[in-house]
Amino acid sequence: MTASIRLFRIEARRNFGLFLFLPFAAMVWCFVFLTTSDKVVLWPQVSIAVRDSVAVVGTAVTGVAAWMAGRGRRVRIEELLVTTAQPPVIRDLAAWATTTGWGLIGCMLGATIVLAHASLNATWGSPLVVPVVIGLLIAAASATWGYAAGTWFPGRFTAPLSAVVVFLFLFLPGAFSYPIQNLNFFSQSFDSVFFPVRTDLSPLHAAMLLGLTVLALGCIVLKRHRNLPAWGTALAGAAASVACVVVLVGVGRPGTMSPLPYEPVCSQGSIEVCMHPAYQAVQAETVDVIERLTQPLVGVPGAPTKAVQVPSAAEWGLTPDGVLRFEPHESYAFLGGGPDSLASQISGVLTYGAACCDEAQEVIRGWLLEQAGVPIAICEEDRDEGGVCTGVPRRYVPHIERFAALPPEVRHAWLYDNYAALTRGELTLEDLP
Amino acid sequence: MTVARLFLRSRRAGWAAFYLATLAALTAVLHLALSRGEEDHLASPDGSPSALVLVFVPLAAALVIGVGAYGPFGEVERTASRSLSPLRFGHLAVLVLWAAATLSLLALSWDGGNLVFMRNLAGFTGMALIASSLTGARLSWAPPFAYGVMAYWVGMAAAEPKLWAWPMRPADDGWSIAIAACLLLLGVSVAALGAARDSAGELE
């Protein structure tokens, strides 16, 4: 026993993971930093981002584990190791445990930094432990499969290919619809502050990951000893995994969630703007954006008289009774998002209506952005010709400038007469003043 | 000719070619299996391959090429009387062209996507070859893999991928093509002019 503990200590000091746990921690932090907002910090979003980041970094641990599994062969000491007192499976387990351990320590260090930052800045919700645990289990299972691959197929190509294959298999179920989607460990994600994050499948996901880990461990042991306990371990892991897959697929499509209660925070300007309290940190700039965009439309029939935050981008729009429905999460969810991104989206809601993107709508949208002082991204081609630009096609710029040069009262009079037709998509460039 | 044959054998070029062909074949089989009926689970709405395929299949091919640059002789090899640069360049050129050919064939099973396959293969291969001079060829997979995962993850989350996430940008994005071409040029130059940073005496 003492010898085994000493072996683990030596392995922990000599393991390649020791050099990589800080980069792993940095990667976890970086992933969360790049996929969440620096302005609106929400506990559910950060918890899910930590799960996803730890899982993604876990695929890199897969490659490192596969690399470590081939170490003895690589430095030609396999025959030397045969002469040691410890059975080879103990050496394998020591190397697997320390490689996985260093990987998990790195992930946990990165997660701790992220969660500590969230604890100081979060404006909504409470930390979710279950997704973080699922992320760590994914990382552990990935590392174990990497080590198993390195044990069975030692070679220069094993480490990179095992990392890519594990990544693909982790994310492939995401391409399917329900019920296969239930096998996707990332299916239960953060969508909106209006609804709780689902964790009802997490126990099954955890059991499936544990089963896969035990199966991989069985495969590692089977390489050294093809005895009953090794076969038993592998078969138990396989049986548990298959059982979980069957149950998960049988769950079917998840039901709808009840919205969480909240008290909207409203502010009164030229129009009333009501938002979820989680977005209080950006309420002032959001109200400012809406004010600047709707100011020229005040008094125009069909123009918004109130703005209300809605749970999802699918509910964006302008209702017939003049309520502008917007969702700032799309704009503030990620680093770099902000009022300009929000303005771009709200200007679309104000002009496109039900029929998106005809010539007159593009011109008025461009003018609304310009008069609000929002930088306009100019596209070289029209929207329906592909490309990633969400701005205004270049050929409309002269029309925007002509409309902007009109006296304010002429513009307002034109909008008063034509705004409803504009949002219905009934106007052409010739109809513009 | 013998020198070239021995050089390719020392780099496991045959196995690398086999893995590249297998990678494309397995992806094609997977696509065939997952596209029965009306749904195509590995395709975008426009019929081109999904982002997962567009990023990770060329990435895997590039990692195989990068790891394949490992030579088992270390500094001993550099004492050879003839320059090894043409051999290294030829070896890499053959592998890149072979990977491009297999990916082109793979792209036939979708509507489009070939240009993105080629761009991402070029960029990731360049990154792997640059990494091989820094970390050694056997660990050259780590930096491009970490970058590829990050570009995919962040690119999927953002509506409009930033330029640094060039593998996720559309096919006709000139800047991303330029970045990938520069990376390949730099990577092949670095790997051809100076061998990967590997020590002698270790097996692969």
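Where in chain A is the place of A:Pro179? In this predicted model, A:Pro179 sits in the loop that runs between α8 (158-171) and α9 (202-224) of chain A. There's something to look at in the backbone here: the peptide bond joining A:Tyr178 and A:Pro179 is cis, with omega at about 10°.

Next comes the place where the two chains meet. Here, 30 residues of chain A are in contact with 31 residues of chain B. On the chain A side, the elements that give two or more residues are α2 (17-35), α3 (43-69), α4 (71-74) and α8. The largest share of that side, eight residues, is supplied by α8(A). Sorted by kind, the residues on the chain A side are 19 nonpolar, seven polar and four charged.

Over in chain B, helix α1(B) packs against helix α5 (residues 85-107), with axes that come within 10 Å and cross at roughly 60°. α1(B) and α5(B) are therefore oblique to each other, and their crossing is right-handed. From α1(B), the residues making the contact are B:Val3, B:Ala4, B:Phe7 and B:Leu8; α5(B) brings in B:Leu87, B:Gly90 and B:His91. That set splits into five nonpolar residues, two polar ones and no charged ones.

One more backbone detail turns up in chain B. B:Arg12 isn't a glycine, yet it has a positive phi of about 55°. B:Arg12 is found in the loop between α1 (2-10) and α2 (13-34) of chain B. Is B:Arg12 buried or exposed? The count of other C-beta atoms within 10 Å of B:Arg12 is 20, so this residue is buried, given that the cut-off for buried is 20 or more.

Notes. Residues numbered from 1 in each chain as written. Chains lettered and ligands numbered in written order. Predicted model: local features only at pLDDT ≥ 70, side-chain atom pairs only at ≥ 80, totals over all residues. Helix = DSSP H or I, 4+ residues; strand = E, 2+ residues; numbered from the N terminus. Buried ≥ 20, exposed ≤ 12 C-beta atoms within 10 Å, placed from the backbone. Contact = placed C-beta atoms within 7 Å. Nonpolar A, V, L, I, M, F, W, Y, C, P; charged D, E, K, R; others polar. Axes fitted to C-alpha atoms, helices over the stretch in contact; angles between N-to-C directions. Parallel < 35°, antiparallel > 145°, perpendicular 65-115°, else oblique. Left-handed = near helix turned anticlockwise from the far one by under 90°.
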